[in-house]
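Here is a friendly tour of a protein model, with a few stops along the way. Have a look at the sequence and the structure before reading on.

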Amino acid sequence: MVFKRMMQAMGVGGPSVETVLANPNCRPGGYLEGQVHVIGGDHSVDIEYVALGLMTRVEVESGDSEYNTDQEFHRQRLTGSFKLDAGARHDVPFRFDVPWETPITEVYGQHLHGMTMGLRTELEVARAVDKSDLDAVAVHPLPAQERILDAFLRLGFRFSRADVERGRVYGVQQTLPFYQEIEFYPPAQYASGINQLEVTFIPTPHNLQVVLEIDKRGGLFTEGHDAFGRFDVDYHTVDQTDWTAQLNGWLQQSAQRRGFF
């Protein structure tokens, strides 16, 4: 009897949890749907709650060092407390809202190198350990984000990698404690002056905030430095702008103004 109680306290023979997504693909500001299946073990238990949390890998700068950590940035509790009998099954349907500022992980059907995104299911059992299940989620860009990314590709920029950095972007409306940077290699006409281009999207329900950062290539006697550009994109009028020409003009002006070449 004592051994059995210890096993129960350690979660051995306890309930299991499985989350089934109807579709693992989503967009910022959208939602994920599915069901959480809670299956009883060899004894009845009191479940405190079932919750879902959206998680991503975040880079954190601390002093002179950097490290990566998994951060939950949105959470929804699906149930209150309930009793789960031995061997019983409790199904919980859900619709999980995806925040507008959620970083994207896929572009044109390809996974963005450096990105991690998952939906974690948490089952809190009274007087026992948590049971959790992690499911990969693919976040695709909004149409406005696609237009900007497509424009850079048309200009000859090539995807390098993406990451998520803890911190805030100056001058934008931001609710999450981190932001995503999508890095590009420059085309030949810019390669002599630009080391890389970094694009940050911070969507809101009303418009898309875009921040561009140019990493200048340092010369023999000069150090590279960053140049910034920022603009908003209206979701309703995004198709009325030639973004390839617009971005090319901004890059040319920025290069001339800052003496990149």
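Strands here are DSSP runs of E, at least two residues long, and they are numbered from the N terminus. Please keep in mind that the model is predicted.

## A glycine inside a strand

Is Gly-53 buried or exposed? Its relative accessible area is 0%, and buried means under 20%, so Gly-53 counts as buried.

What does Gly-53 touch, once residues up to four places away in sequence are set aside? The contacts are Glu-72, His-74, Arg-75, Phe-96, Gly-118, Leu-119 and Arg-120. Leu-134 is also worth a look: Gly-53 and Leu-134 are 81 residues apart along the chain, yet 9.3 Å separates their C-alpha atoms.

## A three-stranded open sheet

Next comes an open sheet of three strands, in the order E1-E3-E7, with antiparallel pairing. Strands E1 (16–21) and E7 (89–97) stand at the edges; each has a single partner strand, so one side of each is left without a neighbour in the sheet. On average, neighbouring strands of this sheet are turned by 20° against each other, direction ignored.

How many bridges join strand E3 to E7? There are nine, and E3 spans residues 31–39.

## The cavity

Searching the whole structure for cavities of 30 Å³ or more turns up one. The largest cavity holds about 60 Å³ of space.

Which residues line the largest cavity? They are Glu-101, Pro-103, Gln-174, Leu-176, Phe-178, Tyr-179, Gln-180, Phe-201 and Ile-202. By class, this lining has six nonpolar, two polar and one charged residues. Strands E14 (178–185) and E15 (194–203) each supply at least two residues of the lining, and the largest share, three residues, comes from E14.

## A tyrosine with positive phi

The last stop is a backbone detail. Tyr-108 has a phi near 55°, a positive value in a residue other than glycine. Where is Tyr-108 placed? It is in the loop between strand E8 (106–107) and strand E9 (110–111).

The relative accessible area of Tyr-108 is 45%, so this residue is partly exposed.

Terms used: Residues are numbered from 1 along each chain as its sequence is written. This is a predicted model: local features need pLDDT of at least 70, side-chain atom pairs count only at pLDDT 80 or more; totals for chains, interfaces and linings use all residues. Side-chain values use heavy atoms; hydrogens and water are left out. Two strands pair if DSSP finds at least two bridges between them. Helices (H or I, at least four residues) and strands (E, at least two) are DSSP runs, numbered from the N terminus. Axes are lines fitted to C-alpha atoms, for helices over the stretch in contact, and angles run from 0 to 180 degrees between N-to-C directions. On a 1 Å grid over the protein atoms alone, a cavity is a set of points where a 1.4 Å probe fits but cannot get out, and a pocket is an open set with protein on both sides within 12 Å along at least five of seven lines; lining residues have an atom within 4 Å of a point. Grid points are joined across faces, edges and corners, and a volume is the space filled by probe spheres set on the points. Ala, Val, Leu, Ile, Met, Phe, Trp, Tyr, Cys and Pro count as nonpolar, Asp, Glu, Lys and Arg as charged, and the others, Gly among them, as polar. Buried means under 20% relative accessible area, exposed over 50%, partly exposed in between (1.4 Å probe, protein chains only). Contact means heavy atoms within 4.5 Å.
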